[in-house]
Amino acid sequence: MPSTDNPLLQWSRPTLLEYLRDQDIAFEEAIHPAVFTMAESAALDIDLAGQRCKNLLVRNKKGKQDFLVVTGPDAGIDLAALAQALGTGRLSLCPPARMQALLGVAPGALSPLALVADTAPQPVRLLMDESLRANPRFLFHPLVNTSTICLNGESLHKFLESTGHCAEYLSIPTTR
């Protein structure tokens with residue numbers, strides 16, 4: 001990995017894939033046109049089987065805790081109910097500048113793989129919907145929205161452990 005004073009600058013798709021290989025984390029990759037929405041993602045013709053996931057970065061009202069919320073692709077997340085369930089106070093979406101500063105990714109490229117860049121004093125908490133727990137394979141963007149990688153559940157767990165994060169599985173409240 002390149003040496004730099006800013007830890008976010010060391011992470012890119014190539015350095016993330018190198019990190020996965022160095023950690024012996026198995027993955028498959030497909031390159032594709034840029035996607036920005038779940039509808040565009042669903043329309044992709046890629047040869048990877050796995051659960052597509054919606055990823056949102058939210059923070060509590062005081063700005064002291066950030067959460068990466070991962071659900072199925074069609075879920076509408078009820079942030080008020082989630083805040084109540086977590087006991088955090090009001091939650092709101094993180095602006096793109098905050099996402100970039102915290103995890104080094106732009107909207108459309110967010111996924112749990114961005115946690116590799118999380119060096120905040122208060123780490124981002126990864127909240128995954130309980131319905132995802134049983135999935136054997138997951139599809140995530142590797143810091144860019146022009147590529148998708150597939151990780152099995154064991155590989156995802158190994159990756160998260162290597163970054164000092166863990167997935168908290170809970171029933172994410174939805175609007176539908």
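This is a predicted model: local features need pLDDT of at least 70, side-chain atom pairs count only at pLDDT 80 or more; totals for chains, interfaces and linings use all residues.
Residues are numbered from 1 along each chain as its sequence is written, and side-chain values use heavy atoms, without hydrogens or water.

The chain has five helices and nine strands. These are DSSP runs, numbered from the N terminus (helices: H or I, at least four residues; strands: E, at least two). Their pattern along the sequence is α-β-α-β-β-β-α-β-α-β-β-β-α-β. The radius of gyration is 15 Å, close to the 16 Å that the globule rule gives for 176 residues, so the chain is as compact as a globular protein of that length. This radius is taken over C-alpha atoms, and the rule is 2.2 Å times the number of residues to the power 0.38. The C-alpha trace spans about 40 × 40 × 30 Å along its principal axes.

Strands of a sheet pair through backbone hydrogen bonds, either parallel or antiparallel. Here, two strands count as paired if DSSP finds at least two bridges between them. Five strands form an open sheet with mixed pairing, in the order β5-β3-β4-β6-β9. β5 (91-93) and β9 (167-170) are the edges; each has a single partner strand, so one side of each lacks a neighbour in the sheet. The twist averages 35° from one strand to the next. Six bridges join β3 to β4 (residues 66-71) in the antiparallel sense. In this pair, L56 stands opposite V69 of β4. Helix α4 (residues 96-103) lies across β3 and β4, at about 95° to β3. Such angles run from 0 to 180 degrees between N-to-C directions, with axes fitted to C-alpha atoms, for helices over the stretch in contact.

The other open sheet has four strands, ordered β1-β8-β7-β2, again with mixed pairing. Its edge strands, β1 (28-31) and β2 (51-52), each pair on one side only. β1 and β8 (residues 147-152) run antiparallel and share four bridges. I31 has S147 of β8 as its bridge partner. Helix α5 (residues 153-163) packs on this sheet, touching β7 and β8, and its direction makes about 100° with that of β8. Contact means heavy atoms within 4.5 Å.

The largest pocket has a volume of about 520 Å³. A pocket is an open set of points on a 1 Å grid over the protein atoms alone, where a 1.4 Å probe fits, with protein on both sides within 12 Å along at least five of seven lines; lining residues have an atom within 4 Å of a point. Of its 26 lining residues, M38, C53, N55, G108 and L110 are closest to the centre. β3 gives the most to the lining, with four residues. By class, the lining has 17 nonpolar, seven polar and two charged residues.

Notes
Grid points are joined across faces, edges and corners, and a volume is the space filled by probe spheres set on the points. Ala, Val, Leu, Ile, Met, Phe, Trp, Tyr, Cys and Pro count as nonpolar, Asp, Glu, Lys and Arg as charged, and the others, Gly among them, as polar.
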